[in-house]
Amino acid sequence: MKHNLPSLDRRRVAADILRQRGNALVVAGLGAPVWDTAAAGDHALNFYTWGGMGGAAMIGLGLALAQPARRVLVITGDGELLMGLGSLATIAVQRPRNLAVIVMDNERYGETGMQDTHTRFGVDLAGIAKAAGFRAAGTVYSAAELKSWIPRFHRHAGPLFCDIKVTTQAAPMVLPMREGPVLKNRFREALLGPSEASVPNS
Amino acid sequence: MPDSGHARLITLVRADRRLRAIPLTTEEEGVALAVGAWLGGERSVLLMQSSGAGNCINMLGMANECRVPLLALVTMRGQWGEFNPWQVPMSRATAPSLAAIGMVVQAVDRAGEVGESVAAAARLAFSTSRMIAVLISQRVVGAKEFK
């Protein structure tokens, strides 16, 4: 299998993508993508997952269907996505035009001792997404390729899938808040208004 | 997730323009979907059979920690007049495992009580931001016939 060495820095990738977020809703997948997303700047419309491994893309689908006028970006890792591969098929069936699934693929389980994931052996996540029926899917190795993808994340019709090959270079830990009810209520208040923040009255 | 016990409900949902049926490849997708939908201001109901309950446990931990209201309608297999022995272990583990991860588990054994039980469970889930599983007995759904 053709296999290039990852060269992109994950923190720069996350910062470059999120600099142009506008009013996008962002779901960060368990592990380093949470630290990457937080390092790019904390935001009330970031939902950081500290558990539920394998669920980030489906959280993104739920958000995208509930908020069709807003852009939804899922930023997750290769290990996290591999745990929920079926969700690519489920997303493809719904065809949300406003959803982009972005994988920070370092080909490792970074939080558990840097064991190789399946992508290290050539498993092609973008190929799987494309075959499932994503409108566009690709693998990014270079800054130039990333630059061409970023406007698509924010504007092109989805569902979009982009596997971004990043290095295993460790970045300083940036840990965002982690209490679930606080994250949920902060997100809902920012998106839906204060009256919807916690328990609605209906 | 489809089950013969949910077949008519799924057909009704598909026919209702106010609702959206979202088929899943595995039950835990539905838990994460419900979390996202709730973040976006929408309610959802997760349909599954009892054999799928075990697939959801870790993802339900997320909904529990985040106090996301979740209503699951679980049709039971491996219970009342079951023919397939492989259905029995997960059937027996369904209520205890869902309770262990933090769901309120409410069983319904009579067809006439299903409607009011689901309505009450929905109110409990969405009014108190909790996870409720309504287990619909195989006695209501009927044992699957192999012939």
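# Close-up views of a predicted model

**View 1. A salt bridge joins Lys165(A) and Glu107(A).** Lys165(A) belongs to strand 8 of chain A, and Glu107(A) sits in the loop between strand 4 and strand 5 (108–109) of chain A, so the pair ties together parts that are 58 residues apart in sequence. Both residues are buried. Lys165(A) and Glu107(A) also belong to a network of salt bridges with Asp105(A) and Asp163(A). The structure shown here is a predicted model.

**View 2. Strand 8 of chain A is covered on both faces.** In a regular strand, side chains alternate between the two faces of the sheet. Leu160(A), Cys162(A) and Ile164(A) are on one side of strand 8 of chain A. Phe161(A), Asp163(A) and Lys165(A) are on the other. Why is strand 8 of chain A described as largely enclosed by the rest of the structure? Six of its six residues, 160–165, are buried.

**View 3. Strand 8 of chain A pairs with strand 4 and strand 7 of chain A.** Strand 4 (residues 99–105) runs parallel to strand 8, and six bridges join them. Here Ile102(A) has Cys162(A) as its bridge partner. Strand 7 (residues 136–140) also pairs with strand 8 in the parallel sense, over five bridges. Gly138(A) stands opposite Cys162(A).

**View 4. Strand 3 of chain A is buried on both faces.** Its six residues, 72–77, are six out of six buried, so strand 3 of chain A is largely enclosed by the rest of the structure. One side carries Val72(A), Val74(A) and Thr76(A). The other carries Leu73(A), Ile75(A) and Gly77(A). Which strands pair with strand 3 of chain A? Strand 1 (residues 25–28) is joined to strand 3 by four bridges, and the two run parallel. Strand 4 of chain A pairs with strand 3 in the parallel sense, over six bridges. There, the bridge partner of Thr76(A) is Val103(A).

**View 5. The largest nonpolar core has 75 residues.** In soluble globular proteins, nonpolar side chains tend to be buried together. Which residues touch the most other members of this core? They are Val101(A), Phe161(A) and Leu60(B). Take Leu60(B): leaving aside neighbours within four places in sequence, its contacts are Val31(B), Leu70(B), Leu98(B), Ile101(B), Met103(B) and Met131(B). A second, separate core has 22 residues, including Ala14(A), Ile75(A), Phe153(A) and Val166(A).

**View 6. Asp3(B) is buried without a salt bridge.** Asp3(B) lies in the segment before helix 1 (7–15) of chain B. The nearest side chain of opposite charge is that of Arg77(B), 5.0 Å away. A salt bridge needs the nitrogen and oxygen within 4 Å. What does the side chain of Asp3(B) make a polar contact with? Its partner is the side chain of Gln49(B), at 2.5 Å. Not counting residues up to four places away in sequence, Asp3(B) touches Gln49(B), Thr75(B) and Arg77(B).

**View 7. Arg77(B) forms a salt bridge with Glu82(B).** The N to O distance is 3.2 Å. Glu82(B) is buried, at 18% relative accessibility. Arg77(B) is buried too, at 9%.

**View 8. Arg19(A) and Asp16(A) form a salt bridge.** Their closest N and O atoms are 2.9 Å apart. Buried or exposed: which describes Arg19(A)? Arg19(A) is exposed, with a relative accessible area of 61%. Asp16(A) is partly exposed, at 22%. Over all chains, the whole structure holds eleven salt bridges.

Note on methods
Residues numbered from 1 in each chain as written. Chains lettered and ligands numbered in written order. Predicted model: local features only at pLDDT ≥ 70, side-chain atom pairs only at ≥ 80, totals over all residues. Heavy atoms only, no water. Buried < 20%, exposed > 50% of the residue type's maximum accessible area, 1.4 Å probe, protein only. Lys, Arg positive; Asp, Glu negative; His and termini not counted. Polar contact = N/O pair within 3.5 Å; in protein donor to acceptor, adjacent residues only side chain to side chain. Contact = heavy atoms within 4.5 Å. Core = buried A, V, L, I, M, F, W, Y, C linked by side-chain atoms within 4.5 Å. Pairing = 2+ DSSP bridges.
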